Protein chains: 2
Amino acid sequence: MSKYNLAVVGATGAVGQEIIEILEERKFPVDNLKLIASKKSEGKKITFLNRKIKVESIENGIFEDIDIALFSIDSNLSKKYAPQAVKEGAVVIDNSNAFRMDDSVPLVVPEINANKINEHQGIIANPNCSTIQLVMAIKPIFKKYGLKRVIVNTYQAVSGTGKRAISELEQQIKDYIDKNEIKSEVYPYQISFNLLPHIDEFQENKYTKEEMKVVKETRKILDDKEIPITATAVRVPVFNGHGESVNIETEVSYLIDDIKNSIDKMENVKLVDNINENKYPMPIMVENEDEVMVGRIRRDYSKKNALNMWIVANNLRKGAALNAVQIAEKMI
Amino acid sequence: MSKYNLAVVGATGAVGQEIIEILEERKFPVDNLKLIASKKSEGKKITFLNRKIKVESIENGIFEDIDIALFSIDSNLSKKYAPQAVKEGAVVIDNSNAFRMDDSVPLVVPEINANKINEHQGIIANPNCSTIQLVMAIKPIFKKYGLKRVIVNTYQAVSGTGKRAISELEQQIKDYIDKNEIKSEVYPYQISFNLLPHIDEFQENKYTKEEMKVVKETRKILDDKEIPITATAVRVPVFNGHGESVNIETEVSYLIDDIKNSIDKMENVKLVDNINENKYPMPIMVENEDEVMVGRIRRDYSKKNALNMWIVANNLRKGAALNAVQIAEKMI
């Protein structure tokens with residue numbers, strides 16, 4: 001079996017660390033692993049398969065012996081360094097927003113459109129966390145009944161912002177208990193015991209970038225530019241695990257049990273829907289979970305062929321690191 | 001000016017205590033105030049306008065000298081004691097779910113249907129917290145453009161459940177910090193750092209009672225049994241202040257600026273919608289706030305005549321206690 005030289009770029013970040021763990025867990029055939037981060041993490045040591053690996057910072061030629069580089073850094077930095085990695089011979093799987101809507105870049109959720117991977121010209125984009133769990137759950141409905149309209153409301157955890165946001169929520173709840181003043185640096189306002197209807201920057205059309213990512217990326221992954229979608233993205237004081245409440249109108253009439261069966265049969269999606277026993281998806285269930293969980297599936301009586309459902313997934317794993325590693329697995 | 005004998009039933013609860021504060025704040029013309037609670041609170045003293053009032057428990061004849069009894073107790077207890085209060089001569093303003101959908105009981109949000117108050121036969125019902133902030137925000141749209149469809153997603157604070165839920169969230173975050181086991185008694189699962197897509201009991205139709213309250217009560221208050229509405233209700237780890245993300249389809253085409261103006265002109269509703277300056281409604285803004293706040297108003301491009309908006313209100317005040325006191329004010 002062949003082994004590959006990998007680089008994780010952003011190795012000390014929340015997603016980067018999940019990538020390293022997942023490469024271990026899934027026994028990815030790694031020959032040499034380079035861990036790359038910013039200058040300030042240089043020299044730090046991270047354990048991978050009982051080896052201690054020194055964190056390096058980016059310099060010319062660093063990707064020359066790399067087969068696959070898994071990027072999870074800021075969008076602007078991806079724009080700067082991904083082309084360098086490609087030039088030096090690596091294939092980049094990029095977790096940022098930098099290339100997702102680029103026509104020459106495949107945007108891949110392996111369970112849905114792994115066939116696009118081979119079309120890459122050096123870069124493959126990993127979708128946004130809130131998009132991944134959405135498309136995983138609605139793909140079976142799209143395929144069988146068509147999507148006439150999709151309305152998404154997100155309940156997003158702070159881990160999606162990164163490690164600093166996790167620390168900020170933790171510090172704020174400590175300060176609340178100690179009756180200290182609550183300070184906000186990562187978010188514009190306090191996130192503890194609060195709701196922020198504001199994720200990523202506001203756009204000209206009054207939507208946030210996050211909301212438009214859900215709209216545009218979903219269409220690209222499902223390969224249908226016409227699907228009518230709208231989204232509202234809200235940050236909630238949860239450490240990890242995004243929730244999504246989704247209202248769907250199908251093109252043709254559906255049977256609710258068939259919708260449930262189709263979702264349950266979808267690879268890496270789990271139906272958690274037994275209200276008589278209080279079984280429904282929740283963030284606390286997905287801490288070590290790779291599957292997307294779907295529940296509260298029920299007919300929406302306000303409109304013909306409409307339904308409501310509730311989706312929860314681990315945004316650091318299937319929403320980011322795991323999906324990236326799955327892409328790498330499909331490549332090799 | 002006449003003064004009235006009032007009773008607050010459930011005086012030691014989260015809503016009961018807000019009622020007492022609001023009666024003080026708004027200088028309600030109180031002659032005598034009876035504070036009523038369960039046996040275990042009997043004898044406790046609560047201050048009202050510098051008087052110390054002893055908490056009593058319900059017994060026969062307790063409402064005989066009472067003009068208005070403000071009930072905020074469990075639905076089953078309301079069913080038992082409200083008829084007694086009416087028989088003994090009081091008018092009951094009931095905050096529970098017991099009588100809301102009863103045809104002979106007015107369900108009132110004073111800014112919308114104060115005219116219904118006089119039709120009462122002894123009991124006036126106070127709507128559910130998530131309904132009140134919704135109807136306050138959508139009434140101007142309903143009036144001017146009609147409501148073809150309304151899709152509501154709630155982000156509800158624990159104070160809506162009551163004092164024990166507030167304590168449970170507080171205890172859970174302390175236990176998290178102290179690395180103790182997290183215990184749940186009020187909710188079926190941990191609420192700290194989690195999301196519960198489950199508020200009140202599940203119904204035959206797979207919706208929760210809370211979700212169906214939003215549907216049915218909104219129709220009754222807006223006096224239109226046909227409005228197509230669907231709701232998903234989610235409990236979030238916020239102490240106080242409910243959020244609601246609402247998607248609306250109007251009957252006729254609208255101008256977004258006119259929608260904003262109509263909402264801003266609505267009595268006791270405040271437009272907080274300046275994304276360039278990061279101004280949008282949040283729970284931390286409504287701690288001492290009586291107004292319902294609306295923002296993030298924007299066209300939904302997935303459907304003709306559709307729009308999205310975000311509503312936040314203090315669920316203990318406008319969502320419960322304040323609305324009850326406003327009803328009493330309109331009565332006298």
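Biologist: How far apart are the centres of domain 1 of chain A and domain 2 of chain A?

Modeller: Happy to start there. The domain bounds come from an automatic or database domain assignment, which gives domain 1 (4–126 + 320–331) and domain 2 (131–315) in chain A. Taken over C-alpha atoms, the centres of these two domains of chain A are separated by 25 Å.

Biologist: Before we go on, what should I know about the model and its numbering?

Modeller: This is a predicted model, in which local features need pLDDT of at least 70, side-chain atom pairs count only at pLDDT 80 or more, and totals for chains, interfaces and linings use all residues. Residues are numbered from 1 along each chain as its sequence is written, while chains are lettered from A and ligands numbered from 1 in the order in which they are written.

Biologist: Which helices of chain A each supply at least two residues of the side of domain 1 that touches domain 2?

Modeller: Two residues are in contact if their C-beta atoms, placed from the backbone, lie within 7 Å. By that rule, 13 residues of domain 1 of chain A meet 18 residues of domain 2 of chain A. Helices (H or I, at least four residues) and strands (E, at least two) are DSSP runs, numbered from the N terminus. On the domain 1 side, the helices of chain A you asked about are H3 (110–113) and H8 (317–331).

Biologist: Which strands stand at the edges of the six-strand sheet of chain A?

Modeller: Two strands pair if DSSP finds at least two bridges between them. The open sheet of chain A has mixed pairing and the order E9-E8-E10-E13-E12-E11. One side of each edge strand is left without a neighbour in the sheet, because each has a single partner strand: in chain A these are E9 and E11 (269–271).

Biologist: Which residue of chain A comes closest to the rotation axis?

Modeller: Copies are superposed by least squares on the C-alpha atoms of residues with pLDDT of at least 70 in both. Chain A can be laid on chain B by a turn of 180 degrees and a shift of 0.0 Å along the axis, with an RMSD of 0.0 Å, so the two copies are related as by a two-fold rotation axis. The residue of chain A that comes closest to that axis, at 3.3 Å (C-alpha), is A:Pro237.
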